[in-house]
Amino acid sequence: MVILIIMTMTKIINKFNVAKYNEKINTLNKIIDTFNDTISNFSCWMDITPALVKELIYNPVKTHHKYLSFEKIVQYRCSEYETLLFVRDKLRKEAYAWKNRYLAEFGDLITAVFEQKIACIKKKKSISFCQMAVNRGKPVDQAELQNYLSQEMKEYNRKLSEMIQENEIAHSGEIISEETAAKIKKLYYRLAKQIHPDMNPKTNEIPELKELWQRIVVSYRANDLEELEEAEILVNKFLADHHLDGNEIKIQDIDTKIEKLKEQIQKIKETNPYQYRFLLQDQEAVQNKKRELQKELEEYRIYEQELDQLLEQMM
C-alpha cells in the first residue's frame, strides 16, 4: 500500500510543470497589482461603486485600460477642473449675496459711522492747519484751509461715496424664484463652458469676448436672467462670426490650476463676506452688532462736539 502511494505521488510530481506554475503565479500577481493600482487611481477621479469593483474583479486589466487610459485621465481632470470652476464661481456669487444681505442689515449704520468718522477726521485736520497758522503767528486763511481740506479728504469722500452706492444696491436687491435661479445657473454654466477665461484663453486675448464675459459675471451675480439671455445671443453670434464655436479647448498646467482652485475655494469659505452668513443667521448676534455700531456712532458724535469746541477756540 505504501509503495503504491509513493508511486502515485512520484507520477504527480513528474507531471507537475514548475515553469508553467511560476508563470501563472506571476500573471496572477500582475493582475493583483493592476487591480490595486486601478483602485488607487480611481479614488482620485471617481467614486468606487459596487458595479465598478465587480468589473475590476472579473477583468481588472480591461477595466484599467477602459477607465485609466491617458485620454480618460485627461477627461477626468478636465471634468474635475470644470466642476471646481463652477463651485468657486458659485461660492463667489453666494459671498456676494451674503455681502448684500450684510449691507442691507447693517449698511445704514456702517455708513453713518464712517460718515461721522470722516467728519471727525476733517475737524482734526482743520485744527492741525489752524495750529500751524498760530505757530507762525498768522491768521487762518479760510480759502487755503478749504483747499487743504479738499485735497486731504478726497480719498475719504470717494470711499464714502462708494459705501453709499453699495448700500443702495444692497437695499434694492430683489428676491428671485427658484425657477429663475435654476435658469440663471444653467445659463451661466453654458456660457462659462464657452468663454470662461480659465477654460478658454482666447477670452482674455480678444477684447470683445473679455467684455462679454465681464458682462456675464455682473449679470450672474445680480441674478439678471434677461441680461444673461441677451449676453448668450451676443456670445453665440460672436463665436459663429469668428469661427470660434466648436473649437477644442486645451487647458495648460491643469494640475496646478486644480490645486489653485481648491485653495481659492477654501479661502472664500474661510473669509468675509462668505463668513457673514454665520452672523446673519444668528438674530442675537445681529442685534449685538447693531448695538455695537450704534455705540460707535454715538462715540464719534461726542468726539466731534469736543473737536468743534476746540476749533472754535482756535478760530
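**A tour of the helices**

Helices α8 and α10 are roughly antiparallel to each other, because the angle between their axes falls in the class over 145 degrees. This is a predicted model, in which local features need pLDDT of at least 70 and side-chain atom pairs count only at pLDDT 80 or more, while totals for chains, interfaces and linings use all residues. Residues are numbered from 1 along each chain as its sequence is written, and side-chain values use heavy atoms, with hydrogens and water left out.

**First stop: α8 and α10**

Select residues 178–195, which form helix α8. The axes of α8 and α10 come within 11 Å and cross at roughly 160 degrees; axes are lines fitted to C-alpha atoms, for helices over the stretch in contact, and angles run from 0 to 180 degrees between N-to-C directions. The crossing is left-handed, that is, the near helix is turned anticlockwise from the far one by less than a right angle. Next, display I184, Y188, L191, A192 and I195 in α8, which meet L209, L212, W213, I216 and Y220 in α10 (contact means heavy atoms within 4.5 Å). By class, this contact of α8 with α10 has 10 nonpolar, no polar and no charged residues. Ala, Val, Leu, Ile, Met, Phe, Trp, Tyr, Cys and Pro count as nonpolar, Asp, Glu, Lys and Arg as charged, and the others, Gly among them, as polar.

**Second stop: α10 and α11**

The crossing of α10 with α11 is left-handed. On α10, select E208, L209, L212, R215, I216, S219 and Y220; on α11, select E227, L228, E230, A231, L234, V235, F238 and L239. These residues divide into 10 nonpolar, one polar and four charged.

Where does E80 lie? Select helix α5 (residues 70–135), which contains E80. The side chains of E80 and R77 are joined by a polar contact of 2.7 Å (a pair of N or O atoms within 3.5 Å; within protein, one must be able to donate a hydrogen and the other to accept it, and residues adjacent in sequence count only if both atoms are side-chain atoms). Beyond its neighbours within four places in sequence, E80 is in contact with I258 and K262.

**Last stop: the whole chain**

Finally, show the entire protein chain, which has 14 helices and zero strands. Helices (H or I, at least four residues) and strands (E, at least two) are DSSP runs, numbered from the N terminus.

Note on methods. Parallel < 35°, antiparallel > 145°, perpendicular 65-115°, else oblique.
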